[in-house]
Every structure is written in structure tokens, then in C-alpha cells.
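The exercises below are meant for a reader who is meeting this structure for the first time. Try each task with the sequence and the model in view before reading the solution.

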Amino acid sequence: MTFMNVTIESDFVGSLPADPIQENYLRQVRGACYSFVEPSRAGKPQLLTYSSELAKSLGFSLTDCESTEFLEVFSGNSILEGMKPFAMCYGGHQFGNWAGQLGDGRAITLGELIDEDGNRQALQLKGAGKTPYSRSADGLAVLRSSLREYVCSEAMYHLGVPTTRALTLVGTGDAVIRDMLYDGHPAPEPGAIVCRVAPSFVRFGNFEICAAQRDLKLLKQLADYTINADFPALKDAEEPQKYVAWFEEVVDRTVNMIVHWMRVGFVHGVMNTDNMSILGLTIDYGPYGWLEDYDPDWTPNTTDAATRRYRYGQQPWVAQWNLLQLANAIVPLIGETKPLEDALNRFPPTYQERWERTVRNKLGLTELGSKETPLITELENVLKLTETDMTLFFRELANLDVDATISAEDPVHEMESVFYEPTSISAKQREQLNQWLRSYATLIKHQDQDPEQRIARMNATNPLYVPRNYLAQLAIDEIENGNLKYLEDWMSVLKNPYSEQPGKESFATKRPDWARTRVGCSMLSCSS
Ligand code: AMP
Ligand code: MG
């Protein structure tokens with residue numbers, strides 16, 4: 001039978017030590033990187049949507065994807081030959097404090113396969129039931145949070161941001177009880193499962209737990225496995241330099257990921273070290289959000305409201321702090337701290353340099369010298385003057401008529417659609433905005449750059465379609481009412497986030513007023 005002509009491997013399982021206990025009950029696990037666990041049964045699974053090009057790249061045919069078997073596998077009801085499902089053991093620093101063992105409490109990796117480019121990809125179900133790491137929770141996920149993960153990971157991929165991907169979104173047909181607002185009103189919600197795809201789901205926390213348990217043998221095994229599997233260019237390097245070079249590479253990839261987040265206006269919301277991928281991929285889409293009005297102090301996560309640790313503007317420095325925790329964990333492999341400290345100290349200048357290059361592209365500038373720098377410093381102030389939609393601001397900037405802006409009395413008039421409350425802009429604010437726009441246009445005019453090239457560069461850096469918070473809520477409302485069409489339309493728009501798509505303007509519209517205060521639109525709890 002040619003059905004599901006994919007070969008599933010279990011390289012992670014075959015290479016690293018397993019928890020010897022096979023029963024599924026809560027426990028502290030030692031001396032092992034994972035525990036075997038079977039997914040729970042979904043009562044009445046339904047394939048709500050799937051990513052057809054990802055499926056194809058993994059070797060699934062269209063017939064496969066539309067088959068009952070496919071649905072059975074990605075709802076956790078059926079295990080294909082070669083799959084040895086497991087949950088990983090990891091720890092983590094949550095909100096700045098060491099939290100001990102966490103682990104895959106509701107994620108189960110089914111196995112790996114080789115994609116059409118020859119790369120290994122692991123398939124992982126999220127929300128398929130309890131594992132030995134579920135602690136006090138149920139191992140399940142609700143439709144609203146699964147849809148948000150599905151949409152955002154695929155959107156990020158098409159935006160060019162390093163990310164785990166999503167293959168399927170399956171409704172389980174079972175109810176899941178959640179107290180969405182943590183206000184003592186638990187209620188049943190539809191359950192769902194996302195199948196995530198990534199070369200590896202190993203996190204900083206996988207190394208931290210080995211170090212916390214003083215299990216240096218396991219630490220080395222996991223590091224060697226990770227380097228061999230995911231950093232092959234380093235695998236033949238001499239020890240201990242190999243581990244230093246690996247850490248440098250992780251720092252580099254993490255910087256890269258954060259620069260992309262900042263470029264597109266993404267706020268992760270829960271940057272705990274158990275949510276930091278060793279590959280520098282965006283992982284664990286929970287109470288994330290997208291900047292609507294530009295506010296570097298904004299966090300979408302209500303659990304983080306008090307200290308705003310994970311606010312937009314702080315993400316680079318949290319990433320550096322998280323890397324410090326990783327460095328602390330792997331120090332025993334190197335025997336001295338200096339090379340790791342040096343790598344960490346290079347984080348700020350590396351970030352700064354890449355961010356400046358990104359801002360240059362966002363603004364369409366050819367240089368970043370003494371004339372441009374004050375303009376960029378002032379940009380931050382200008383964006384904060386009045387509620388300004390970050391995404392639309394940069395797109396409109398590319399559309400500015402340069403000559404008209406220089407000579408116009410009130411150039412900001414042309415940009416009014418990007419402000420949330422244009423009528424409340426004071427005369428003083430208006431003048432500040434106008435001055436900035438005139439200086440910007442003057443700089444652009446005196447640059448030696450073809451205008452079309454500049455616009456193309458800006459529009460390739462500044463997306464038009466991002467998965468806005470309120471659009472996710474609309475998609476959730478539709479899907480909870482059984483209407484899948486809205487999600488399909490939206491996903492197809494998100495495949496080309498940098499190109500204007502006539503007729504699809506509603507997917508690029510700034511947040512309507514009703515969404516300002518609606519739960520799920522700009523504020524999210526961790527309840528998922
Ligand atoms: P996160 O929200 O990704 O920071 O999750 C922190 C930890 O809680 C991880 O170990 C998760 O696996 C676990 N967790 C979160 N939600 C659930 C759930 N519904 N059931 C079991 N474990 C969970
Ligand atoms: Mg997590």
C-alpha cells in the first residue's frame with residue numbers, strides 16, 4: 001500500500017537515554033531526556049485545517065492529508081510504524097526564577113521524518129493529553145489557543161521569522177474546562193490539537209535540568225547529540241572549544257530571532273527559558289501579541305501585567321538574560337566561564353548592529369551616519385506621540401510623496417489613517433510629526449537611491465499583513481460557530497504578508513474600537 005509513504009524515524013529516542021518507567025503518572029525524572037507516553041484518545045476528531053505545502057514538503061500526498069488515517073494520526077488516535085511517542089524532560093526559569101522540572105506537560109513528539117530538502121523534522125502534538133510532566137494540569141489545549149498557535153507560527157514562517165511550524169489543527173470533539181480569566185468561572189470549551197513541526201524541540205531548559213540535577217554525563221550526551229544533529233558544522237571541532245563555538249552560534253541565532261520579532265512587532269509574552277529554542281526558533285505561542293499602537297512597554301500577557309518583564313521593548317535583554325542561564329548550565333562542559341562571558345558580552349553590540357541595519361531597511365535609508373541617527377532616535381518619540389499603528393505607519397511611509405512632504409504645510413494629513421485617534425492629536429504633537437516627516441523626506445530626497453528600489457526594500461522589510469490580535473479573535477469566533485472559511489481566507493492572505501492583495505484590505509485594518517477592551521484581543525491570560 002502506498003498510503004502515507006513517509007518513513008518515520010526516532011533519532012532522538014534512539015540516541016538519548018529514556019526514563020525507564022513506562023507508566024503515565026506524574027514524577028520527577030532523573031538520568032533521562034524523555035519519557036515514553038502514548039497520546040490520549042480524541043473523542044470525535046475533525047481536521048479543521050492543515051498546511052498543504054508543509055505537508056507536501058514532509059512527503060504527505062493530498063490523498064494522505066484528506067484520509068481518515070491522517071486525521072487519526074494527528075489527533076493522537078493512531079500511531080504510525082516507526083513512531084515512539086515521548087515527552088521531553090526539561091526545566092526552566094519562569095519569570096526570572098528557577099522553577100525546577102517542567103517538561104512537556106502537553107506536548108508529545110511522535111517521531112521525525114526527512115523532508116524534501118533532506119532536513120530532519122520532528123512532529124509534535126500539542127494538547128494530546130497528560131504526560132509524566134503535566135504537574136497539576138490536564139495535558140489538553142483549547143481551540144482558541146490552538147488556533148492562535150497554528151495561525152501565528154505559519155504567519156511567522158511566511159514573514160521570514162525563524163519559527164516552529166504548524167502542520168495540522170484538529171478539533172478533538174471533547175470539552176476542556178478552563179477558567180479563561182482566572183476569576184473563578186471555569187467553563188467547558190472545545191478542545192484541539194496542533195501538530196507542530198521543527199528540526200528539534202530542545203529548549204534552553206533541557207540543558208538547565210541536567211545541570212540542576214548535577215548530571216554532567218547526561219548534559220554532555222544531550223549537548224553532543226544536539227551539536228551532531230542540529231549544528232553539524234561543529235561536530236568535529238575539538239572539545240571544549242566545540243561547546244564554546246556552539247554557544248556562540250546559539251547567541252547568534254537568538255539575536256537574529258529577536259531582531260525579527262522587533263522588526264515585525266511581535267511580543268512573545270512568556271520568554272521563560274523553557275520557551276527558548278536551542279535552534280533560535282520562535283516556540284510556544286501562548287499569550288503572544290502583535291503591537292497595534294506602537295508601545296514598547298506593552299505586554300499581551302495578563303500574568304505579566306505587574307512587572308511587564310516580557311514587554312516588547314525588553315525582549316532583547318530578556319533573551320540575553322536567558323542565554324546567561326544557558327551559559328550557566330553548560331559551563332561544566334567548558335570548565336571556565338570566560339569564553340561564555342565573552343560571547344554574552346557580544347550580544348548587545350551584535351543586536352545593536354543588526355537592529356540598526358533593520359531600521360535602515362524599514363526606513364529605506366542607504367546610510368546610517370550623523371544625519372540619519374538623530375532621525376532614528378526621534379522616530380521612537382514620534383511613534384509614541386499618539387496611538388500610531390506600527391505596521392501601517394511603515395507601509396504608509398513607503399507611499400509618501402517625497403517632494404510634496406517637504407513642501408507641504410501639514411504632511412501628516414497624508415498619514416492620518418495610521419493613527420488610532422487622529423482628532424485628538426494636539427497642534428504641538430502635529431508639528432513634531434510634521435517636522436519628522438519633512439526631515440525624513442529631505443533625507444530620502446538627497447539619497448542616491450532609485451525610489452522604486454527604496455520602496456521595494458521598505459515593503460520587503462515592513463509587512464502589511466500580520467496576524468493582528470483582533471483578527472485571531474474573529475477567526476476563533478467563526479470557527480467556534482463551525483465556520484472554517486474565515487480562517488482559510490486569512491491563512492491564504494498571510495502567505496504573502498509583504499504584498500498588497502486587492503480585496504483583502506480587511507486583513508490589514510487597524511484594530512477597531514470594540515477590540516480595545518475585549519478579552520482575547522489585546523489581553524490574554526496563560527489559560528490555554
Ligand atoms: P508554558 O505556558 O509553555 O510556559 O508552560 C509551562 C509549563 O507548563 C510547561 O512544562 C508546559 O508543558 C506546562 N503546561 C502548560 N499548560 C499545560 C496543560 N494544560 N497541561 C499540562 N501541562 C501544561
Ligand atoms: Mg512552554
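**Exercise 1.** Locate Arg135 and state whether Arg135 is buried, partly exposed or exposed.

*Solution.* Begin with the place: Arg135 sits in the loop that runs between strand 7 (120-126) and helix 5 (143-159), where helices (H or I, at least four residues) and strands (E, at least two) are DSSP runs numbered from the N terminus. Before going on, note that this is a predicted model, in which local features need pLDDT of at least 70 and side-chain atom pairs count only at pLDDT 80 or more, while totals for chains, interfaces and linings use all residues. Residues are numbered from 1 along each chain as its sequence is written, chains are lettered from A and ligands numbered from 1 in the order in which they are written, and side-chain values use heavy atoms, with hydrogens and water left out. The relative accessible area of Arg135 is 49%, so Arg135 is partly exposed, given that buried means under 20%, exposed over 50% and partly exposed in between (1.4 Å probe, protein chains only). As for the backbone, Arg135 has a positive phi of about 50° although it is not a glycine.

**Exercise 2.** Find which residues touch the most other members of the largest nonpolar core.

*Solution.* A nonpolar core is a set of buried Ala, Val, Leu, Ile, Met, Phe, Trp, Tyr and Cys residues joined through side-chain atoms within 4.5 Å. The largest one holds 166 residues, and those touching the most other members are Phe60, Phe74, Phe207, Trp246 and Leu397. Helix 8 (residues 241-264) supplies the largest share of this core, with 13 residues. Taking Phe74 as a case, its contacts (heavy atoms within 4.5 Å) include Phe60, Leu110 and Ile193, when residues up to four places away in sequence are not counted.

**Exercise 3.** Describe how helix 11 (residues 347-363) and helix 16 (residues 451-461) cross.

*Solution.* The axes, which are lines fitted to C-alpha atoms over the stretch in contact, with angles from 0 to 180 degrees between N-to-C directions, come within 7 Å and cross at roughly 120°. That makes helix 11 oblique to helix 16, since angles under 35 degrees count as roughly parallel, over 145 as roughly antiparallel, 65 to 115 as roughly perpendicular and the rest as oblique. On the side of helix 11 the contact is made by Thr358, Arg360, Asn361, Lys362 and Leu363, and on the side of helix 16 by Arg457, Met458 and Thr461.
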